[in-house]
Amino acid sequence: MAAGGSLSIVEYFGGDDGYRCGYCKHENGNFSHGMWSHTMTVQDYQDLIDRGWRRSGKYVYKPIMNKTCCPQYTIRCHALNFHPSKTHKKTLKKVNRFLSKGEMPVEKHDEGHEGEQRTGHQLAGGDLGPTFTHQCQDPHGADPNRPLCRKAKDLRKERRLQKEQQKQQEAVSSSVNPAPSKSASNQPKSLEGFITESLPSDPLHRLEVRLVPVSFEDPDFLASYEESAALYARYQMTVHGDAPYECGESQRFLCDSPLEAETAPDGPDVGYGSFHQQYWLDGTIVAVGVLDILPSCVSSVYLYYHPDFSSLSLGTYSALREIAFTRQLQQQSPKLAYYYLGFYVHSCPKMRYKGQYRPSDLLCPETYTWVPIERCIPRLDISAYSRLNENAQAGDARALKELSRVLVLHRRTVMPYAAYARKRKGSNDEKEVEQYASLVGQTCAERILLYRA
């Protein structure tokens, strides 16, 4: 699948030292293996994330699951079988009410992408914040012509009685005129139906979702980069408390991806690689989802958004849009059927929201097989780390078997590790290479080039 015979090239860094955990804040309890990816094919990255790896820019890391303080399990959602929960439907309706009528909710909570902070902020009243008018009490006192205020309890009782009367009337009507049998049109509403529900032809606000490849050679990416980078900086400073200089250093995260853009006859029309899914509200970017489109999935990398719109739960909304996008791509490429949400961290309650996108699976950290999340949760309630596969006889199908066949890149020459070891008599890196190869698996170890100085 790799375009033009391109190959993945990585430098492996090991993972002996612990560092601060972003979940439980343990100062040195987070352990992971890491490697720098100079370039990577989408198939190699697909195989790596199916072994528990994940990228942050060009850095690819794999938590040491039985050692790290907060084990991180790769999670995927079956996009084709996904049905929005009650909470998901409320989020979609909330966004649609804002688009239709400009209603901005007061509550400020969200459960969306990894890295997002779910605390909200008051509307800043700046260039993007909509203005609101509030009804004030009449300074002259109550209007004697108005009916007296009624207690909420009485109103609820009246509404309940009205509903019961309506049901009785419908029952009588149906006995006289039986309803036709249910047809396909009476099936549960799809995710796509909820996304567009209640939107008039001329809404107060217009939302456009654009997909642009992460490439400065792409005119749309280039034209929107400054606005996107400014939004990222505003998000990081407001939501995560970053200093301006930190935002400048981390902006490379926006466009640093090791993935080579590729196309395939049986692939989606947009191709494979890294993309930004931009949310344009009335001509202004208010949110950006960083995505990787891979042979079997859409992988969510990050989301940043305008803090003034935090009450719209844009993390949840964008995840639902990305699931719908995955379903759209699957119509063009049948094997592209999953939506990867990154890592599920059961030991961190605020990260459990990812388990609400069902049906979903967690990756077993020992066999690298997928296990339905319903079967995993009882085990994780007992222990933060668990072998999720219940079959004690199951093993890693791609476990390292032949170290000699691992590919290395030495002095601009590609060679198997056996040839490299003969050239470098007395080399003491065999244990490091073996550790790397066991982590990426035999298949990837024979395709990816491990750089050797």
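Among contacts in the protein chain between residues at least 6 apart in sequence, what percentage join residues at least 24 apart? The share is 69%. The legends below refer to a predicted model.

**Figure 1. Overview of the protein chain.** The predicted chain contains eleven helices and 15 strands. It has 453 residues, and 46% of them count as buried. Contacts that link residues at least 24 apart in sequence make up 69% of those between residues at least 6 apart.

**Figure 2. The largest cavity and its lining.** The model holds four cavities of 30 Å³ or more. The largest cavity has a volume of about 130 Å³. Its lining consists of 13 residues, and those nearest the centre are Val95, Leu207, Val286, Leu312 and Leu314. Two or more lining residues come from each of α2 (86-101), β7 (273-281), β8 (284-293) and α8 (314-332). By residue class, the lining of the largest cavity has twelve nonpolar residues, one polar residue and no charged residue.

**Figure 3. Helix α8.** Helix α8 is 19 residues long, and 27 Å separate its first C-alpha from its last. This span is close to the 27 Å expected at 1.5 Å a residue. Because 15 of the 19 residues of α8 are buried, the helix is largely enclosed by the rest of the structure. Helix α8 is also one of the elements that give two or more residues to the lining of the largest cavity.

Figure 4. Nine of the ten residues of β8 are buried, so the strand is largely enclosed by the rest of the structure. With β7, strand β8 pairs in the antiparallel sense over nine bridges. In this pairing leucine 281 stands opposite threonine 284 of β8. The hairpin of β7 and β8 has two residues between the strands, and aspartate 282 there takes a positive phi near 50°. With strand β9 (residues 297-305), β8 runs antiparallel and is joined by seven bridges. Alanine 287 faces tyrosine 305 of β9 as its opposite residue. The hairpin formed by β8 and β9 has three residues between the strands.

Figure 5. Strand β5 (residues 73-78) pairs with β11 in the antiparallel sense over three bridges, and arginine 76 has aspartate 361 as its bridge partner. Strand β12 (residues 370-372) also pairs with β11 in the antiparallel sense, over three bridges. Here leucine 362 stands opposite valine 371. Six residues lie between the strands in the hairpin of β11 and β12, where tyrosine 368 takes a positive phi near 55°.

Figure 6. Most residues other than glycine have a negative phi, and most peptide bonds are trans. The bond that joins arginine 358 and proline 359 is cis, with omega about 5°. Proline 359 lies in the loop between β10 (338-344) and β11.

**Figure 7. Two loop residues with positive phi.** Lysine 25 is in the loop between β1 (9-14) and β2 (32-39). Although lysine 25 is not a glycine, its phi is positive, at about 70°. Its relative accessible area is 43%, so lysine 25 is partly exposed. Arginine 411 is in the loop between β13 and β14 (413-416). Phi of arginine 411 is positive, near 50°. Arginine 411 counts as exposed because its relative accessibility is 69%.

**Figure 8. Glutamine 72 and its contacts.** Glutamine 72 is in the loop between β4 (59-63) and β5. With a relative accessible area of 7%, glutamine 72 is buried, because the cut-off is under 20%. Leaving aside residues up to four places away in sequence, glutamine 72 touches Tyr23, Asn30, Tyr61, Pro63, Met65, Phe343, Tyr344 and Val345.

**Figure 9. Alanine 397 and threonine 367.** Alanine 397 is found in the loop between α9 (373-382) and β13 (407-410). Its relative accessible area of 71% makes alanine 397 exposed. Alanine 397 and threonine 367 are 30 residues apart in sequence, and their C-alpha atoms are 7.3 Å apart.

Methods:
Residues are numbered from 1 along each chain as its sequence is written. This is a predicted model: local features need pLDDT of at least 70, side-chain atom pairs count only at pLDDT 80 or more; totals for chains, interfaces and linings use all residues. Side-chain values use heavy atoms; hydrogens and water are left out. On a 1 Å grid over the protein atoms alone, a cavity is a set of points where a 1.4 Å probe fits but cannot get out, and a pocket is an open set with protein on both sides within 12 Å along at least five of seven lines; lining residues have an atom within 4 Å of a point. Grid points are joined across faces, edges and corners, and a volume is the space filled by probe spheres set on the points. Helices (H or I, at least four residues) and strands (E, at least two) are DSSP runs, numbered from the N terminus. Ala, Val, Leu, Ile, Met, Phe, Trp, Tyr, Cys and Pro count as nonpolar, Asp, Glu, Lys and Arg as charged, and the others, Gly among them, as polar. Two strands pair if DSSP finds at least two bridges between them. The expected span of a helix is 1.5 Å times one less than its number of residues. Buried means under 20% relative accessible area, exposed over 50%, partly exposed in between (1.4 Å probe, protein chains only). Contact means heavy atoms within 4.5 Å.
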